[in-house]
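Please keep the sequence and the model at hand while going through them.

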Amino acid sequence: MKGISVLEGKYASTMDLWPLQGKEFTRIWPFWENLRAGRFTSTRCVDCGAEFFPPRVVCPGCMSDHLEWFDLPTEGTVIDVTEEFVGVPLGFTSPLIHALVHVGTWTFFVRVEAEPGTLKPGDKVKLKVFEVDAMPAEIGRNVVEIPRVHYCFEQA
Ligand SMILES: [Zn+2]
């Protein structure tokens, strides 16, 4: 089946939560290929050394586009937790658990798979990569499906 399964063939792209991932659509496509291989990566500026997460294709500090990929840790520590009970996006069940996590030198907000009410500050979490619906795309005269993955964290 081509399309986004949770949408049952309706609103194929406007309601799609998952980012475009093919080489044809984004210059950060290596992030998604690395993720598929279990690597959590981002980019660093070769000219000034600045590191970014999420990955960038141009350094905002020195405007260089000479960036290289590096690996981020795949484990982190929870700083705080929130559980979303209403307004959960299509395809997710309530509650949706989000946490502010420390991952190496980085701190960011991410969805965490955990039993509701159990995740707490100080808990260890680890990267989880999962398949999402392939994206139908027109390449030339053909409609192809571009496989996609995404990530969250889960209790370690
Ligand atoms: Zn730079």
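1. Met 63 is found in the loop that links strand 1 and strand 2. In this predicted model, the phi angle of Met 63 is near 65°, a positive value in a residue other than glycine. Most residues other than glycine have a negative phi. Is Met 63 buried or exposed? Met 63 counts as exposed because it has 10 C-beta neighbours inside 10 Å, and a residue with 12 or fewer is placed in that class.

2. The loop between strand 1 (41-45) and strand 2 (67-71) also holds Pro 54. The peptide bond leading from Phe 53 to Pro 54 is cis, with omega near 0°. A cis bond also joins Ser 94 to Pro 95, where omega is near -5°. Pro 95 belongs to the loop between strand 3 and strand 4. As a point of reference, most peptide bonds are trans.

3. The overall plan may be considered next. The protein chain contains 1 helix and 7 strands, and from the N terminus on its elements follow the order α-β-β-β-β-β-β-β. Its C-alpha atoms fill a box of roughly 50 × 45 × 25 Å along the principal axes. Of the 156 residues in the protein chain, 15% are buried. Among contacts with a separation of 6 or more, 51% are between residues 24 or more positions apart.

4. How many strands close into a barrel, and in what order? The barrel is formed by 5 strands in the order 3-4-5-7-6, with mixed pairing. From one strand to the next, the twist averages 45°.

5. Two pairings of strand 3 can be followed residue by residue. Strand 3 (residues 75-84) runs antiparallel to strand 6, and the two pair over 3 bridges. Here Thr 77 stands opposite Lys 124 of strand 6, while Glu 75 has Lys 126 of strand 6 as its bridge partner. Strand 3 and strand 4 are likewise antiparallel and are joined by 7 bridges; Asp 80, for example, has Leu 100 in strand 4 as its bridge partner.

6. Helix 1 lies across strand 6 and strand 7 (142-155), and it runs at about 65° to strand 7.

7. In soluble globular proteins, nonpolar side chains tend to be buried together. The largest nonpolar core of this model has 11 residues, including Phe 40, Val 78, Ile 97, Leu 119 and Phe 153. Strand 4 (96-103) and strand 6 (124-139) each supply at least two residues of this core, and strand 4 gives the largest share, 4 residues. Leaving aside neighbours within four places in sequence, Phe 153 is in contact with several residues, among them Gly 76, Val 101, Val 112, Val 125 and Leu 127.

8. Asp 16 lies in the segment before helix 1 (29-36). Why is Asp 16 classed as buried? Asp 16 is buried because 20 other C-beta atoms lie within 10 Å, and 20 or more are required for that class. Although Asp 16 and Gly 38 are 22 residues apart along the chain, their C-alpha atoms are separated by 23 Å in the model.

Conventions: Residues numbered from 1 in each chain as written. Predicted model: local features only at pLDDT ≥ 70, side-chain atom pairs only at ≥ 80, totals over all residues. Core = buried A, V, L, I, M, F, W, Y, C linked by C-beta atoms within 7 Å. Contact = placed C-beta atoms within 7 Å. Pairing = 2+ DSSP bridges. Axes fitted to C-alpha atoms, helices over the stretch in contact; angles between N-to-C directions.
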